[in-house]
Amino acid sequence: MTTDQVPSEVRPTVRVGAPTERRNPLSADLDLMSTRDMLEVINQADQQVPVAVGAVLDEIAAVVDLAVTALRNGRRVHYFGAGTSGRLGVLDAVELIPTFSSPRDWFCAHLAGGQDAMWQAVENAEDSHPAGAAEATGCVAAGDVVVGVAASGRTPYVLGALAASRARQAATVLLCANPEAEAARDVDVFIGVDTGPEVVTGSTRMKAGTAQKLVLNAFSTAVMVRLGRVYSNLMIDVVATNAKLRGRMITILVEATGCDEEICRQALDAADGDLKTALVSLVSGADVAAARVALARSADQVRGALALLAG
């Protein structure tokens with residue numbers, strides 16, 4: 001008898017007691033409200049999320065420092081999740097490549113059920129502790145940072161991955177919307193964002209999902225800043241793969257240097273389209289060759305290269 005043929009009454013059932021599963025009294029009459037009133041209730045609930053994220057900034061900062069150290073030492077950052085949580089991990093990881101030109105193996109996202117689960121639910125995928133453990137065992141190494149993302153804080157696939165990662169001497173992090181999750185004691189850093197009950201009971205793609213996206217975006221962006229992929233508040237590891245990005249590179253040079261557009265265009269051409277080299281050359285007054293050498297000596301850090309040239 002296959003899983004699909006097993007009567008529902010004998011399939012494993014778990015009742016989750018996380019805050020995300022409780023009823024929200026402010027939305028009890030949601031289906032009776034006017035469309036405008038319903039949207040206002042949702043919007044008011046959403047406004048609570050940034051405040052809840054703000055309460056865990058110390059924990060996020062600790063994970064940023066762990067990840068920066070890991071990446072500087074040639075290690076990796078992994079996201080493990082299921083359903084919405086897993087998809088948000090995939091989204092964050094893949095967006096770092098075009099935004100910051102980060103190496104593809106810096107941030108690795110693992111989704112319960114594999115690639116198919118990105119587009120549709122894969123039955124029981126999140127319920128397998130062994131599957132999460134096997135996935136982590138096959139890719140996590142000592143010194144990596146492993147972030148488990150689970151709204152309830154109890155997803156077996158995620159907990160399996162964290163347990164296996166801990167055994168492999170990786171730093172472990174649990175990001176969830178349950179501040180009282182039992183798994184908090186089993187990880188190096190626990191980020192429990194108190195988003196409370198959802199507007200639609202149990203629909204953790206709403207406030208819990210929004211909190212996860214905010215945390216992951218802030219975390220990965222801060223990591224990229226610390227690794228020198230931002231100068232001031234400007235993206236400087238841009239690869240010009242289309243007309244918009246080519247224009248953005250000129251805009252960044254103008255903003256960063258105060259030079260006019262034509263001078264910036266000439267500098268970028270002289271640097272063979274390498275934005276960092278053009279930037280260092282324009283700010284320091286050094287030629288392109290000297291700018292390249294300074295960047296190489298400073299691990300491709302613009303601030304470090306400028307300091308070398310100034311000395």
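Domain bounds here come from an automatic or database domain assignment. With that in mind, the chain divides into domain 1 (30-227) and domain 2 (233-310). This is a predicted model, in which local features need pLDDT of at least 70 and side-chain atom pairs count only at pLDDT 80 or more, while totals for chains, interfaces and linings use all residues. Residues are numbered from 1 along each chain as its sequence is written, and side-chain values use heavy atoms, leaving out hydrogens and water.

**Where the domains meet**

- The C-alpha centres of domain 1 and domain 2 are 34 Å apart.
- Their contact (heavy atoms within 4.5 Å) draws 5 residues from domain 1 and 5 residues from domain 2.
- Between them, the two domains bury about 400 Å² (accessible area lost on being put together, 1.4 Å probe, summed over both), with 42% of it on carbon and sulfur atoms.
- On the side of domain 1 that touches domain 2 there are 2 nonpolar, 2 polar and 1 charged residues, with Gly counted as polar.

**Inside the structure**

- Searching the whole structure turns up 1 cavity of 30 Å³ or more, a cavity being a set of points on a 1 Å grid where a 1.4 Å probe fits but cannot get out.
- The largest cavity holds about 40 Å³ of space.
- Its lining residues (an atom within 4 Å of a point) are V63, V147, V173, L175, I191, V215, L216 and F219.

Definitions and conventions
1 Å grid on protein atoms, 1.4 Å probe; cavity = no way out; pocket = protein on both sides within 12 Å on 5 of 7 lines; lining within 4 Å. Points joined across faces, edges and corners; volume = space filled by probe spheres on them.
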